[in-house]
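Let's take a walk through this one, with the sequence and the fold side by side. Keep an eye on the helices and the aromatic rings as we go.

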Amino acid sequence: VALYTQYAFREVKFGDVDVLARAKNTSTDRLREKGILYAERGTVRLLRREEIAEQRQYDASVIWQVVQRLAYTLEEDGVEGAAEIAAALSTESAEKARALAYRLFQTAERRGWAQDAFAYNTLVTNWRDIQERVARMQKDQAMNQGGLFAE
């Protein structure tokens, strides 16, 4: 979040990001391994939403990745697509994702990053619809499983 607040998705000199990462008790290598950071040839930047969404695998415990995937998928596939991602989250992770999306929206709005503000605000304002769709998906799944054992 600190990296986003200062630089958004712009390329930055490695040294500047390394100092910030160390101040937050992490490293650029760790952020890169987690799939949220591009780092090559002395430049570093956060991966954009579409880049994170293109990754085949991701760690659902990395809330930054979850929010980027949710925002991108909501834009591309609507509530249904976002609900498929949210369905795999624990209640705690889902709440953390919603809170992070709201925080990123506030940051983007304050900094004048209209495109980002719109993406995160859209996620926050559609959160209830996403959660309702997740609940319907889980109910349908439970009914289908119950039907298999009922016969």
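This is a predicted model: local features need pLDDT of at least 70, side-chain atom pairs count only at pLDDT 80 or more; totals for chains, interfaces and linings use all residues.

Start with helix α5, residues 63-86, and helix α7, residues 114-125: they pack with their axes 9 Å apart, at an angle of about 90 degrees. An angle from 65 to 115 degrees counts as roughly perpendicular, so that is the label for α5 against α7. On the α5 side, the residues in the contact are Val67, Gln68, Leu70, Ala71 and Leu74, and they meet Ala119, Tyr120, Thr122 and Leu123 of α7. Sorted by class, this contact has 7 nonpolar residues, 2 polar ones and no charged ones.

Now for the rings. Searching the whole structure turns up 5 aromatic pairs. One of them joins Tyr4 and Phe9 edge-to-face, with 65 degrees between the planes and 5.5 Å centre to centre. Both Tyr4 and Phe9 are buried. Another pair, Tyr102 with Phe105, is tilted, at 40 degrees between the planes and 6.2 Å centre to centre. These two sit 3 residues apart in helix α6 (residues 91-111), so about one helical turn separates them. Tyr102 is partly exposed at 37% relative accessible area, while Phe105 counts as buried at 13%.

Ring pairs also build a cluster out of Tyr4, Phe9, Trp64, Trp113 and Tyr120. Elsewhere, Arg45 has its charged end over the ring of Tyr38, 4.9 Å from the ring's centre.

Notes
Residues are numbered from 1 along each chain as its sequence is written. Side-chain values use heavy atoms; hydrogens and water are left out. Axes are lines fitted to C-alpha atoms, for helices over the stretch in contact, and angles run from 0 to 180 degrees between N-to-C directions. Helices (H or I, at least four residues) and strands (E, at least two) are DSSP runs, numbered from the N terminus. Angles under 35 degrees count as roughly parallel, over 145 as roughly antiparallel, 65 to 115 as roughly perpendicular and the rest as oblique. Contact means heavy atoms within 4.5 Å. Ala, Val, Leu, Ile, Met, Phe, Trp, Tyr, Cys and Pro count as nonpolar, Asp, Glu, Lys and Arg as charged, and the others, Gly among them, as polar. Rings of Phe, Tyr and Trp (its six-membered ring) pair if their centres lie within 6.5 Å; planes under 30 degrees apart count as stacked, over 60 as edge-to-face and the rest as tilted. Buried means under 20% relative accessible area, exposed over 50%, partly exposed in between (1.4 Å probe, protein chains only). A charge sits over a ring if NZ of Lys or CZ of Arg is within 6 Å of the ring centre and within 35 degrees of the ring normal.
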